[in-house]
Amino acid sequence: MHSPRSAQSYLPPAYMTLIFVYGTLKKGQPNHFRIQPDQANGKAEFCGHARTVERYPLVIAGNYNIPALLNRPGEGQRVQGEVYKVDNTMLAFLDAFEGCPSMYQRTLAQLELQDWEGGEQSPTAGSIMEAFVYSTTSYQPAWLKQTFYESYDAYGDHGLTYINRDDKRRTGYG
């Protein structure tokens, strides 16, 4: 009979998925707390900064000034963001948070690394890697006429104040 301790040593390590975030989940942005340690949402580990290899339209859109990456590769800008390793619990949380698959779709994108702090894997700046990104095919045609951003900052000089979910509930939005 195996002791509980020895049985645990045979369990495979938790699977980690690479996610690229470009909007309110980045450090210093209004929803970053959702991927911080000690959350019930699962585990997320910051790995580094990157930008998309392909150009995409990144817009600030809708009634709540939400950053949206439109799934139209080849248009827009090379988008700046952050790469995280997330466990399956966090991945499920992010899918729900992003309204996946109806509002956003989780697809693979190629990224050019700018730096890496991701532990055992040590790619160098300029390396190309793949990670999942939440982009959308569900958008208003007018969004294609908006300004395309390279980098999102909720507090930027664009003057488009992000309205978070708690504010929407409190003020009757959405």
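**Questions on a barrel and its core**

Student: Which residues does L94 touch, not counting those up to four places away in sequence?
Tutor: Contact means heavy atoms within 4.5 Å. By that rule, the residues touching L94 are I19, L25, I35, V86 and Y134.

Student: What kind of model is this?
Tutor: Residues are numbered from 1 along each chain as its sequence is written, and side-chain values use heavy atoms, with hydrogens and water left out. Local features need pLDDT of at least 70, side-chain atom pairs count only at pLDDT 80 or more, and totals for chains, interfaces and linings use all residues; this is a predicted model.

Student: In what order do the elements of the protein run?
Tutor: Helices (H or I, at least four residues) and strands (E, at least two) are DSSP runs, numbered from the N terminus. The protein has three helices and seven strands. From the N terminus on, the order is α-β-β-β-β-β-α-β-β-α.

Student: Which strands close into a barrel, and in what order?
Tutor: Two strands pair if DSSP finds at least two bridges between them. Here the pairing is mixed, and five strands close up in the order β1-β5-β2-β6-β7.

Student: By how many degrees are neighbouring strands of this sheet turned against each other on average?
Tutor: Axes are lines fitted to C-alpha atoms. For this average, direction is ignored. The value is 45 degrees.

Student: What angle does the direction of α2 make with that of β5?
Tutor: α2 packs on the sheet and touches β1, β2, β5, β6 and β7. Angles run from 0 to 180 degrees between N-to-C directions, with helix axes fitted over the stretch in contact. Between α2 and β5 the angle is about 135 degrees.

Student: How many bridges join β2 and β5?
Tutor: These strands pair in the antiparallel sense. The bridges between β2 and β5 number seven.

Student: Is T17 buried or exposed?
Tutor: T17 sits in strand β1, and its bridge partner in β5 is V86. Buried means under 20% relative accessible area, exposed over 50%, partly exposed in between (1.4 Å probe, protein chains only). T17 has a relative accessibility of 6%, so it counts as buried.

Student: How many of the seven residues of β5 are buried?
Tutor: β1 joins β5 through five bridges, running antiparallel. β5 is mostly covered, and its buried residues number seven.

Student: Which residues have the most contacts inside the largest nonpolar core?
Tutor: A nonpolar core is a set of buried Ala, Val, Leu, Ile, Met, Phe, Trp, Tyr and Cys residues joined through side-chain atoms within 4.5 Å. The largest one has 44 residues, and those with the most contacts inside are F20, Y22, V83, V86 and L94.

Student: Which elements each supply at least two residues of this core?
Tutor: Nonpolar side chains tend to be buried together in soluble globular proteins. In this core, the suppliers of at least two residues each are β1, β2, β3, β4, β5, α2, β6 and β7.

Student: Where does UniProt place the feature "active site"?
Tutor: UniProt positions are given in the numbering used here, feature names are shortened, and annotations may be inferred rather than shown by experiment. This entry is unreviewed, and the feature is placed at E98.

Student: Why does E98 count as buried?
Tutor: E98 lies in the loop between α2 and β6. E98 is buried because its relative accessible area is 15%.
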